[in-house]
Structure formats: structure tokens, C-alpha cells
Amino acid sequence: MNNQKQRMINDMKKKRRNRQRFGVLLILAVLAILLMFIIRFSYIVIGGKVSDVNLSSQTQALYENSRIDKANRGTIYDDSNQPIAEDTTNYSIYAVLSKSYVGANNKALYVTDKSKAAKVISDAIGMKESKVYNILNAKKGTYQVEFGNSGKNLSLETKNKIESADLKGIYFTETQARLYPNGVFASHLIGVTKSTSKKGDSTLSGVMGLELAFNKQLSGTDGLKKVQKDSYGYQLPNSKTKTKKVENGNNIYTTIDTKLQTYLETTLTNVQKTYNPKSMNVVIMNAKNGKILAGSQRPTFNADTKSGISKMWRNTLIEDSYEPGSTMKVFTMAAAIENNAYNENAVYKSGVLKVGTKIVPDWNTSGWGLITYREGFARSSNVGMAKLEQAMGHTAWLKYIKKFGFLESTNLGLANEAKGSIEFQYPIEQADTAFGQGINVTTMQMMQGFTAFANNGKMIKPTLVDKIVDPNTGKTTYQAKTTNLGQVIKKSTSKEVLSMMQDVIYKNYGTGNAFKIDGYKIAAKTGTAQISDPNGTGYLTGDANYVFSVVGMAPAKDPKYIMYVTMKQPQNMQGTSGNAILAQIFNPLMKRTLEEDSSTAVSTAKTNVTVADVTNSSTSSAKTKLNEQNLDIAVIGHGRTVANQYPPAGTTVLSGRKILLLTNGEMIMPDLTGWSKSDAVNAAELMKLNLTTTGSGYVAAQSIKANTVVKKSTMVKLTLK
């Protein structure tokens, strides 16, 4: 009994000790956890960081409002300060279908009338109404829907049209975009941009042409404003405001003449439709200063809609190298004269020439008997050029190939410019280069070399960008200058070759009779280059398997303009010769170029023109139509459609008259500097602005800056001098 009682007492003591131990352990654990919290809190208070996150910065950010001011991408202009590429805003449409999306008082913010929405959207974006309706009837549980590519890149006008229908549940997202108002217009030279989005912020960057080459200068720098605020969103008194000023991108002014470029594009398109060549290149350049006035290629694309861009990404004017054929003989003849290998009285037997075990044939393998080298040049004799190369020696010939700038990039400033190549190891290869085979050149290299004959032997570098202006300061950061690359041939040599180039057109045996232009003297050289067989078995055969080309300079006595045209493999010649097709491009373009320049025009007499009706036409097609009437077009606004014109359609005016085109969308103040008072008054009336002028003469200053959005009845003051 006593033992049992003792065991009970011992058990009670044991349980008491266990409770005491547990209590101590619990207190120690609580103290340890509390100590950890104290240490952690002290670390946070002293260091101000949690998991490498700065709490002070996070707290400040919580009570700080940031606003980014987007920089405008610089505008690209033509030589008369008309925009070729400029910023705009595009919109993408989407529809909310979920009935959970409601506003105050349970007001529906989702699509409620799908039939009406389908009809309105279909009319606006060009998608079938049934397809739009099917999209709006997506499976149950779908929150929102979009409308594919048709619903993207919409203009402000399209957005406004849809919004005017007062549809519920239809919304838009805004995207920075690029507007190319002329459509197909030196597209590979000007280039295009792409839009990239990061954290909901879209940015434009160049992917081709000037847009790519000058992307850094065009891009600008976004501005930033940070304001401290309280928990209710109000700015704190005496708080610091951090600002970073927005810097808009630089504006680039090109050398491109819009009238010539538009006419060139129209002409090329017509030839493309009729003869379907695999490719064409054309460049028009002022030989005296190297400025490229117009240039294009086929295939090309519409820079604004991107239609056709997948057919050809390369800028073939600078990226493609090819065998030039007989236009190379201009350089061969010059080198021969320089090296005393040419004798104007010497004759040779035309037809074929044996070089080692190989044969150099004339295009007329029977030849023309014994002829002079000058006649051989006009007849485009390969044998004559090969014999001149042999007479001067391949070392001297190669020296002049390099002096004329071949085998090196012209450094025009655009990406991926080719250098060309040459096969020059064996005598037959050396002879071949004398008539344009076995040497690969670019269009721009040829243009650069041709300038030596228009400038008394001095070679001029081609130029596409005239100047770059910082719009933030108004300062010109770059101004192009005529770059003289040196005296590559003597003045007498250039004059003698120019004289021979006139034989090509005006001698009855010349190959360029098709390039005569009434009222003007032209110097030219034609070319018909064979095309290498892609299977590596020599050259292709057949009437169309050539690169047909012509270089022309005018006025022939002292050329101011050079035009170079190449056309590869026309698929539908219709019994027409290569030269006859080329003349359909060269003749009207060269004539227009000369007529527009008062220093070269045969007659400056004005002609009567009946102004075409271009209202409601696309801006690009309106410009094309009026340019063909030889009228001076001024576009007001950035819209894609002409809303009004002055003078009205049907008005009889003199050629060269300024025609004002007011586009749809926001009204943009034009740059009136240099305008006559009457033209400025007409513009103000077209825009319904209130205008006052002081002084007389031409507009020297305007109270509202160019490219500023204006509204009807806005007061504008002009200073005339």
C-alpha cells in the first residue's frame, strides 16, 4: 500500500517536472523567435532593404507619379521640305464580350448589339460582315476578341467612323506608327520602321533604308516627369519634381525631287505592267553636286501599306552587283586614251578576236570589216574594247578600274552596300572586263564613275542626304557638301569620250538612236550584258536573257544630269527591242528633268492646264495625277485622303501653278516660308483660318509653327519680305 502511494507521488512529481521543462522550452522558443524578429527588423531599419529590394525606393514609388513624354521620331523630307516619312498614330480595335464588364449602376460596357457592331466594323475595316459576326459570337467564357490584321493599324478617320456609331463594348488601343504619304516612292531608299512593344510602350525603329541608317538620329529621347504624391493621389507640397526634357528625333532632308520621283515611279510601273521584267533600276543624279534627284527599283513596295514588301527586301541600287555589259566601255575608252593606247586614225578588223585559246565576239560576229575604234565604240564592238585593253596592258587597265571607284563601296550611307568583284587572272578575263563581263559593279558605283565625264574629269560622290536638323534647337547638325573625289581623267579625255557618246545616238550606225529627245542634245552609251547561267554552264541564251541598260547625260556639251537605267530579262518583249523598252523610261524622264530646270529647259513657256479632280482620292494618287500635269503640289495635313483642293477641279491654270491639297483628319499648319502672298491667302481660306499679313513680297515668318495642329478660325499672322 505504501509502495503504491509512493509511486503515485513520484508520478505527480514527474509530470510537474515535465510541465516545467515544457514551459521553459516554450518560453525559450518564444524568446528566440522574438529575438529573430528584433534582429531582422533592426537589419531592415538599418539597411533599408528586403531581398535586395530598397524599401525606401519602393515606398517612394508608391507615392510617386511618373509620366513619360514620348519623343517624336524625326521626319524625313524631300528637297522642297515636303514630308516623305513622318510620325502618326494607328489604332487596333477589340471587342469586350464578357457580361461581367459593367460600369456604374451596372451599365453594360460589353457588346450588346452584335448585329449592328458587325455591320459597322465590317464597313470600316473591310472584313466580311459574316466573319465579324462570327468573331463577336465567340465561345462562351471569352472575355474579349480582336479582328486579326484587318483590325490593326487603323487610321484616326477609321476609328472616328466606328466610334460615331456609338457601339457598346468596342474599344481601341493606340500605337505609335509611321506614315509614308506617297506610298510607292523610293521605298528602298527611304526605308520603313517596325514597332516593338515593351511593358505596353511602343517604340519605332528603322529596318531599311534611311530609316535604318539614321535610326539613332531619328529616334530621339523620351522625356520623364516624376511627382511625389500623398495616399489620395495629390501632389505633396514642397515636394521635389524630377523632370527629364523630351528630345525629339532629328529631321532628315533628302535630295529627292518629288516631281521627278513620282513621275519615275509611274513610268516604271507602266513598263513593269507591259513588259514584266524580272528587275529594273533607275537613278537620276545632278552630275555637278552628286545629289540623287530620283531613284527606284522594281520589284518595290508601298511603304505605307507594306504591300509587296515580301517580294524584295534588298535595295538593289546598292546591295546587288552585276555585270554591266557595254556601258563599261565608257571607262575602257577613257583609260585607253589616258594611256595613249587609242589612236583616232587606227583601224581594226571587227567580228571576232582570238585571245589565247578563247574567242571574244562582237554582237555581230560577222563584224563590219575594218573600222576605227571610235566607230567601234558607237557600234558597241567588244573586239575593239578588248584590243584597247591589250594595247594599254592589264596593269594599267586595272589601275583605272580602281580609279573610277569600282571594287569599293561608294559609302552612300545605307546598309549592306556591295563592293563588287572582278575576275582578272587570265588574259581572256582581262579582255572580258573591257566590255563589261567578268566584273561586277553596283548601280551607284556606275553613277559615281559617270560623273567624271560630266565634270571635266573630276569624279563626284553621290549624295542622298542634304542636311540633318535638330528640331529641339533648330540647329543644322549636318550639312552635305559636294565631295570631289579627285581628277581621275584629264579634261580633254572627258570631252573626247562625251563626243563619242553622242555618236552612239546621232550616227546612223550608233546603237542608241532610240534615245534621241527633241530639242536636246544627249550623250549616251547602251549596254546588253549576258546573264550567267545559274547552273554554271556559261551564259543564258535567248532574246530576253540580258541586262539591258543605258546611261545618258544631258545637255551633252556640259552635262548637268546623268540617268542610268537597267532592266533584266523582260518576260513579255512583244517583239520590241531592249533599247526601245528602255527609251520608254529614259526619254520622258530625261526630258522632264531638263524641262523642270530653267538653266537647261529649251523653252520656259507656260502651257494651259485643266486641274484634275482629286478630291476624295488618296493623297499619293492625287500627287501622282497632278505631277503628271506639271503642277506644283502642296499637301496640307497628314491624312491619307484629299478632303478639298484649290484651285477647284476644272479650273484652267498655267503649268507650274501651286495646287493646294487639304487632307482629311487633323489640320496641320504648313510651312508657308517662301510662299507668295496669294498662295498663303488661298491656303488660309482652304483651312478656314483668319489671316493677317504685314509687309510685301514672300512669306518670311509665320506666327504658328509649321506642323502644329490648328483649328478653324485660328488667327495666323504672316510677315512678308
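Glu 375 and Arg 379 are both buried. Buried means under 20% relative accessible area, exposed means over 50%, and partly exposed lies in between, with a 1.4 Å probe and protein chains only. The two side chains meet in a salt bridge, 2.7 Å from N to O. A salt bridge here is a side-chain nitrogen of Lys or Arg within 4 Å of a carboxyl oxygen of Asp or Glu. Both residues sit in helix α11 (residues 373-379), 4 residues apart, about one turn of the helix. Helices (H or I, at least four residues) and strands (E, at least two) are DSSP runs, numbered from the N terminus.

The model is predicted: local features need pLDDT of at least 70, side-chain atom pairs count only at pLDDT 80 or more, and totals for chains, interfaces and linings use all residues. Residues are numbered from 1 along each chain as its sequence is written, and side-chain values use heavy atoms, with hydrogens and water left out.

**Salt bridges**

How many salt bridges does a search of the whole structure find? The search gives 16.

Asp 87 and Arg 178 are both buried.

Are the two partners buried or partly exposed? Lys 560 counts as partly exposed because its relative accessibility is 22%. Asp 597 has a relative accessible area of 10%, so it is buried.

Some bridges share partners. Arg 73, Asp 87, Arg 178 and Glu 211 are joined in this way into one network.

**The whole chain**

The protein chain has 19 helices and 37 strands. Its radius of gyration is 37 Å, well over the 27 Å that the globule rule gives for 721 residues, so the chain is more spread out than a compact globule. That radius is taken over C-alpha atoms, and the rule is 2.2 Å times the number of residues to the power 0.38. The C-alpha trace spans about 150 × 75 × 55 Å along its principal axes.

Of the 721 residues, 48% are buried. Contact means heavy atoms within 4.5 Å. Among contacts between residues at least 6 apart in sequence, 67% join residues at least 24 apart. The accessible surface comes to about 35,900 Å², and 49% of it belongs to carbon and sulfur atoms.

**Around Val 609**

Val 609 lies in strand β28. With a relative accessible area of 10%, Val 609 is buried. Which residues does Val 609 contact, leaving aside its neighbours within four places in sequence? They are Gln 629, Leu 631, Thr 651, Thr 652, Val 653 and Ser 655. The C-alpha atoms of Val 609 and Gly 650 are separated by 9.1 Å, and the two residues are 41 apart along the chain.

**Helix α19**

Helix α19 covers residues 677-687. Its buried residues are Asp 679, Ala 680, Asn 682, Ala 683, Ala 684, Leu 686 and Met 687. Lys 688 follows α19 and has a positive phi, near 60°.

**Backbone exceptions**

Most residues other than glycine have a negative phi, and most peptide bonds are trans.

Asn 81 has a positive phi, near 65°. Asn 81 lies in the loop between β4 (76-77) and β5. Its relative accessible area is 38%, so Asn 81 is partly exposed. Asn 276 also has a positive phi, about 50°. Asn 276 lies in the loop between α9 (258-275) and β13 (277-286). Asn 276 is partly exposed, with a relative accessible area of 38%.

The peptide bond from Arg 298 to Pro 299 is cis, with omega near 5°. Pro 299 is in the loop between β14 (292-298) and α10 (329-338). Ala 554 and Pro 555 are joined by a cis peptide bond, with omega about -15°. Pro 555 is in the loop between β26 and β27.

Conventions
Areas by Shrake-Rupley, 256 points an atom, 1.4 Å probe, with all protein chains shown as cover.
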